[in-house]
Each structure stands twice: as structure tokens, then as C-alpha cells.
Amino acid sequence: MTTQQVLCAIEGGIATITLDNPPVNVVTLTLSRQLGETLDALAANDGVRALILRGAGTKAFCAGSDIGEFIELDLMSPGQVVPKKLKRQNEIFFQLESFPKPTVAAIEGLAFGGGLEIALCCDLIVASETSRVALPEIKLGVFPSSGGTVRATRRIGSARAKEMIFLGEPLDAATALSWGLINRVAPTGQAYATAQELCSALARRPRQALALCKSIINMSFDAPVREVMEASFAASDKAFSSPECSEGVRAFFAKETPNYEGI
């Protein structure tokens with residue numbers, strides 16, 4: 001019987017995915033597969049308006065890849081790591097990055113290696129004040145291979161990304177915030193509660209407009225400006241002609257708070 005390493009709960013339009021692989025929630029092939037299956041189900045659930053990703057316990061959000069799999073799966077032999085691990089894992093991380101609803105990572109304790117790479121796929125990152133984040137793969141003679149080199153660079157720029165990845169040393173939450181790697185710092189033990197507050201606000205925003213905005217922002221890294229703007233025009237036409245826009249304009253003139261529930 002396969003152990004459930006990814007748990008999911010939904011309350012008030014907010015889905016919470018919990019990585020649950022004690023003691024430090026390391027990434028395994030099983031965890032990756034279960035994460036992908038959970039994301040599929042939540043993407044298709046119209047009752048879900050925002051997503052929080054967290055780790056079980058207080059030691060770690062996720063401490064990175066299961067190093068035991070390096071040996072068990074013969075990942076250190078030429079030609080093995082990509083088909084056996086990285087290809088499918090990266091597909092699932094892309095799935096998280098492109099999830100059609102807002103996503104928030106809530107970090108308590110450590111977010112190292114693949115754990116930080118998962119968090120970097122989320123739209124927003126909240127970390128407790130005593131948490132630490134790192135991309136320490138260089139100390140194993142490898143480097144972040146599930147998007148860390150790209151997503152960290154896009155968040156904090158090449159100079160700081162090189163410092164993080166070349167040295168592999170942990171950053172405290174205050175430094176990560178000042179670098180722009182994370183969005184909010186919460187009191188110890190309150191990262192999840194802070195993420196819930198953010199997602200409660202996001203759940204009250206117009207669903208389609210958020211999804212369209214997210215898709216254009218994500219596209220802006222990969223396409224020429226003119227191509228992104230053409231996509232933005234098409235998205236804007238869809239947004240302006242939506243029931244969400246009608247409700248927003250109605251509420252504006254009525255001096256009321258728009259109600260996007262059920263739209």
C-alpha cells in the first residue's frame with residue numbers, strides 16, 4: 001500500500017496541500033506523483049479559488065530531494081537522472097507554476113533544495129521569521145535541476161541567484177525578504193495563518209481576472225513584449241466582457257463592495 005505523502009483539505013474556497021513525509025517532508029517520486037494528481041483535481045474544482053502549499057510539522061516545509069533515491073534509482077549513472085526523476089518532477093513543478101488559481105507557499109522551518117524549488121513555483125511565498133531557505137545542491141556536486149536556477153534568478157536577479165546557488169548557504173527570512181525571494185515574513189508558527197489571510201483576500205477577488213492576469217505575468221518571461229501585449233489584449237477583451245466586470249462596475253457606481261462569489 002502506497003503511503004499518502006500529499007494531503008489535501010478545502011475550506012471556504014481555499015485548498016490546503018500539505019507535504020507529509022516525516023521527518024522533513026523530502027521530495028520522493030511518490031510525493032511528486034501525488035502532488036501532480038492533487039493539483040489536477042483542484043484545478044478542475046470550481047469551488048477552489050486559492051491554494052496554500054505547506055509542510056507537515058514545524059521542522060521543514062520541505063528539506064529537498066530524498067538523497068536515498070540517488071542510489072536506489074541509480075540516478076548517478078550517465079543518462080539516468082533525467083528520465084527517472086527530473087523530467088516528470090519538472091512537469092509537476094510546471095503544473096504548480098501554471099495552476100490557474102493563486103498559490104501561496106507557507107514556509108515553517110527549512111525550505112532547502114527541491115523544497116525551495118517547489119515554493120518558487122507558487123505566486124507568493126510566506127515564511128516564518130525563524131525559517132531558512134537554501135539551494136544547497138552544489139555541496140553534493142550537482143545544482144538545482146527542477147527550476148531553481150531559473151525561478152530564483154527571475155525573482156532575485158542573476159547576481160544574488162549566483163551567490164545563493166554557488167555557495168549553497170542558507171538565507172534567513174529577513175534576508176530572503178530583502179532580496180525579494182519571499183513576499184511576507186510571519187511570526188514563528190504563523191506562516192500558515194498569514195497565508196490563509198492572503199488567500200481569504202484572493203478568494204474574494206474575481207476568479208477569471210486573476211487567472212488571466214497570472215497567465216500574462218507568467219508569459220512575460222518567455223515571449224517578446226509585443227507577443228505578450230497581443231495576448232494581454234485578448235485576455236482584456238475576455239475580462240471586460242465578463243460577468244465579473246459587470247459586477248465590478250455595478251458595485252463601483254453603487255458604492256458597494258463587489259461580490260464575486262458564484263461568478
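**Close-up views of a predicted model**

**View 1. The hairpin of β1 and β2.** In the hairpin that β1 and β2 form, with two residues between the strands, G12 adopts a positive phi near 60°. Strand β1 (residues 6–11) runs antiparallel to β2, with six bridges between them; two strands pair if DSSP finds at least two bridges between them. E11 lies opposite I14 in β2. Helices (H or I, at least four residues) and strands (E, at least two) are DSSP runs, numbered from the N terminus. The model is predicted: local features need pLDDT of at least 70, side-chain atom pairs count only at pLDDT 80 or more, and totals for chains, interfaces and linings use all residues. Residues are numbered from 1 along each chain as its sequence is written, and side-chain values use heavy atoms, with hydrogens and water left out.

View 2. Six of the six residues of β2 are buried, so the strand is largely enclosed by the rest of the structure; buried means under 20% relative accessible area, exposed over 50% and partly exposed in between (1.4 Å probe, protein chains only). I14, T16 and T18 are buried on one side, and A15, I17 and L19 on the other. β2 and β3 run parallel and are joined by six bridges, with L53 in β3 as the bridge partner of I17. Together with helix α1 (residues 29–43), β2 and β3 make a right-handed β-α-β unit: with the strands pointing away from the viewer, the path from the first strand over the helix to the second runs clockwise.

**View 3. Helix α8.** The 13 residues of α8 (residues 191–203) reach 18 Å from the first C-alpha to the last, close to the 18 Å expected at 1.5 Å a residue, where the expected span is 1.5 Å times one less than the number of residues. The buried residues of α8 are A191, T194, A195, L198, C199, L202 and A203. Their cover includes β2 (14–19), β3 (50–55), β5 (103–107), β7 (124–128), β10 (184–186) and α9 (207–219), contact meaning heavy atoms within 4.5 Å.

**View 4. Charges over rings.** The charged end of R54 sits over the ring of Y192, 3.9 Å from its centre. The charged end of R151 is placed over the ring of F94, 5.0 Å from its centre. The criterion is NZ of Lys or CZ of Arg within 6 Å of the ring centre and within 35 degrees of the ring normal.
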